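Here is a short report on one predicted model.

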Amino acid sequence: MLEIRNLSKRYPNGVQALKGINLTVATGMFGLLGPNGAGKSTLMRTLATLQLPDSGQVRFNGNQVLRQPQLLRPVLGYLPQDFGVYPGMSAFSLLEHFALLKGLSDKKARRRQIDALLELTNLSRVRNKAVSGFSGGMKQRFGIAQALLGAPKLLIVDEPTAGLDPEERNRFHNLLSDLSENTVVILSTHIVEDINNLCPDMAILAQGEIIARGAPDKLTAMLNGRLWRSQVEKKQLNACLARHQVVSHRLVAGRVEVRALADACPAAGFEPVQPDLEDAYFSLLNGHVGSASGPGKNLLPETVIPAEAS
Ligand SMILES: Nc1ncnc2c1ncn2[C@@H]1O[C@H](COP(=O)(O)OP(=O)(O)OP(=O)(O)O)[C@@H](O)[C@H]1O
């Protein structure tokens, strides 16, 4: 169990990256979804004990992580957004190097674990090849192998599928999903589909605040019966944006598909549409529905669990 209480961080340039974050995360896959600059990496680095917040507490299985990071590190796996590798070092040698740094001192046990992780991440075939020459997908799988050294109980993965092709992404998802059975896995991403596919529980982070928390289908359900779709010409888009509560718009075969929120059909040409997580995400981000303090506060449905009370 991971407990985050009142976590705040302001960088020296004045940016307030985290504003009193409260979250409790149990074993399984937890998605942290947010746009660029929301504060996801700041939160991930703080949980990984790589940087300190200005205030707040983090506890993992009862231990105070910020005060005693040495208690978390042996059971922590972290895959950062970008990680460098020593040029020319093979996958095996690099894993051995990380394993030693992680304190896996028994040579036989260490090598057994490295072999198993290379197998798990489908890298046995290239174990003696330089990681610096790997494709993006292979590098990410190597990243997860190093994060899994020491069989972590808390696994933090920051934007893991950016740049992966669909096949690699699928493989990576399956791997994460298998791992989450007895581990707290926190997946931070701006890719809604990744969260939808993988996470039974999630939170949305925007401008350093948790604006919603709950199961993806519960967050989506708050839009049931209130989402409408229409296709308009590009030149009509601005008028449509001005007139309706537009959640999103995208080009479909040269025309613009507009999705809007309304309690009843907003205009001729609109038809009801089944909401998905992306609709819920945009609605919450734009304040059409959601957070207790946001612009849509009077629309707060019971299914959206706002940020936990401090
Ligand atoms: N070392 C730093 N010094 C100053 N400002 C920073 C630093 N790191 C991050 N920030 C700022 O803090 C805010 C949150 O950044 P952070 O990288 O945590 O967000 P993010 O959600 O991970 O975004 P992205 O998806 O783009 O990586 C941003 O405004 C960013 O510019």
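## Ligand shell

The shell around the ligand holds 13 residues. Among them, Y11, N36, K40, S41 and T42 come nearest. A residue is near a molecule if its C-beta atom, placed from the backbone, lies within 6 Å of it. Helix α1 (residues 40-47) gives the largest share of this shell, three residues. Helices are DSSP runs of H or I with at least four residues, and strands are E runs of at least two, numbered from the N terminus.

By class, the shell has four nonpolar, eight polar and one charged residues. Ala, Val, Leu, Ile, Met, Phe, Trp, Tyr, Cys and Pro count as nonpolar; Asp, Glu, Lys and Arg count as charged; the others, Gly among them, count as polar.

## Model and numbering

The model is predicted: local features need pLDDT of at least 70, side-chain atom pairs count only at pLDDT 80 or more, and totals for chains, interfaces and linings use all residues. Residues are numbered from 1 along each chain as its sequence is written.

## Two domains

The protein chain splits into domain 1 (2-214) and domain 2 (219-299). These bounds come from an automatic or database domain assignment. The C-alpha centres of the two domains lie 33 Å apart.

Ten residues of domain 1 are in contact with nine of domain 2. Contact requires C-beta atoms, placed from the backbone, to lie within 7 Å. On the domain 1 side, α7 (192-198), β9 (201-206) and β10 (209-214) each supply at least two residues. That side has eight nonpolar residues, two polar and no charged.

## A four-stranded sheet

Four strands form an open, antiparallel sheet in the order β12-β13-β11-β14. Strands pair if DSSP finds at least two bridges between them. Which strands stand at the edges? They are β12 (245-252) and β14 (271-272); each has a single partner strand, so one side of each is left without a neighbour in the sheet.

Strands β11 (residues 227-232) and β13 (residues 255-261) are joined by six bridges. V232 has V256 of β13 as its bridge partner. Helix α10 (residues 277-285) lies across β11, β12 and β13, at about 130 degrees to β12. Axes are lines fitted to C-alpha atoms, for helices over the stretch in contact; angles run from 0 to 180 degrees between N-to-C directions.

## R229

R229 sits in strand β11. Why does R229 count as partly exposed? Because R229 has 16 C-beta neighbours inside 10 Å. Buried means 20 or more other C-beta atoms within 10 Å, exposed means 12 or fewer, and partly exposed lies in between; C-beta atoms are placed from the backbone.

Leaving aside neighbours within four places in sequence, R229 is in contact with E257, R259, F270, E271 and V273.

Technical notes: Contact = placed C-beta atoms within 7 Å.
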